[in-house]
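Hi,

Here is the structure I promised to send over. Have a look at it first, and then read on for what turned up.

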Amino acid sequence: MTAPYLSLLLADGRLPTGAHTQSGGVEPAFQAGMPLAAVPDYLTVRLRTVTEVEAATAVLARRTWADGGPDRVAALVALDVAWRARTPSDVLRDAADLLGRSHLRLAAAVWDLAPLVEARRLWCRAVVVGVTAAAAGLSAAETARLVAFDDVQTVLAAALKLAPFDPAHGVAWAVRAQPEVERLVERVADLLSPADLPAPTAPLLEQWGQQHRDSERRLFRA
């Protein structure tokens with residue numbers, strides 16, 4: 001099976017990883033008053049902040065797993081800790097842990113990820129996606145692109161449910177986001193160690209996420 005085929009498989013929104021429970025933060029954004037027309041700008045902000053940190057973490061997890069060293073699980077734990085240090089919102093961390101658990105359950109049924117499973121700890125989604133990408137034979141650039149593309153599609157799919165609009169506009173916004181996705185890939189694909197992890201933050205997005213957790217009217221977890 002080829003890496004491009006597996007990349008398409010892992011990027012498919014119908015993959016049973018629980019991603020349908022997430023809005024990529026766009027539901028909290030709408031609740032805070034962000035207009036639908038601002039979704040493209042919202043995607044740009046995410047791709048330059050939280051999504052970049054996730055993609056960078058996935059790239060490093062892929063590299064760690066592919067290197068196959070005897071201490072790779074310990075190295076992944078250190079990477080997971082580094083990601084948490086760069087994700088101050090506990091709402092975002094909880095969402096990533098939930099997705100990491102479901103993604104690991106799925107991926108371990110396809111590839112041999114026993115050391116990750118037997119560690120019996122919560123892994124953030126980015127670490128699990130990176131390890132899965134290594135097992136699937138994806139390159140660092142393909143891994144980063146997978147994370148970024150998944151984020152774009154998560155936001156657009158949720159926006160379509162929350163503020164129904166012509167789906168063709170959503171596809172057009174996904175196409176417009178492609179240059180920003182490729183710039184993200186260029187920034188993170190060559191990272192070598194957790195010390196290289198970027199740390200951009202989006203305080204307003206984090207604030208909206210914290211407020212959303214206490215909302216009694218919501219369709220998505222985050």
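A residue counts as exposed when its relative accessible area is over 50%, and as buried when that value is under 20%. Please keep in mind that this is a predicted model.

With that cut-off, Ala85 is exposed, because its relative accessible area is 64%. Ala85 belongs to helix α5, which covers residues 72-85. Between the C-alpha atoms of Ala85 and Leu9 there are 30 Å, and the two are 76 residues apart along the chain.

Helix α3 (residues 39-48) has a set of buried residues: Val39, Pro40, Tyr42, Leu43, Arg46 and Leu47. Viewed down the axis of α3, these fall within an arc of 155°, so they line one face of the helix. Their packing partners are α2 (26-31), α4 (50-67), α9 (140-162), α10 (167-188) and α11 (203-213).

Two or more lining residues come from each of α3, α4, α6 (90-108), α9 and α11. By class, the lining of this largest cavity has 17 nonpolar, 9 polar and 7 charged residues.

The second largest cavity has a volume of about 160 Å³. It is lined by 13 residues, with Leu10, Thr17, His103, Arg125 and Asp150 closest to its centre. Helix α8 gives the largest share of that lining, 3 residues.

Definitions and conventions. Residues numbered from 1 in each chain as written. Predicted model: local features only at pLDDT ≥ 70, side-chain atom pairs only at ≥ 80, totals over all residues. Heavy atoms only, no water. Buried < 20%, exposed > 50% of the residue type's maximum accessible area, 1.4 Å probe, protein only. Helix = DSSP H or I, 4+ residues; strand = E, 2+ residues; numbered from the N terminus. Arc of directions from axis to C-beta. Contact = heavy atoms within 4.5 Å. Nonpolar A, V, L, I, M, F, W, Y, C, P; charged D, E, K, R; others polar. 1 Å grid on protein atoms, 1.4 Å probe; cavity = no way out; pocket = protein on both sides within 12 Å on 5 of 7 lines; lining within 4 Å. Points joined across faces, edges and corners; volume = space filled by probe spheres on them.
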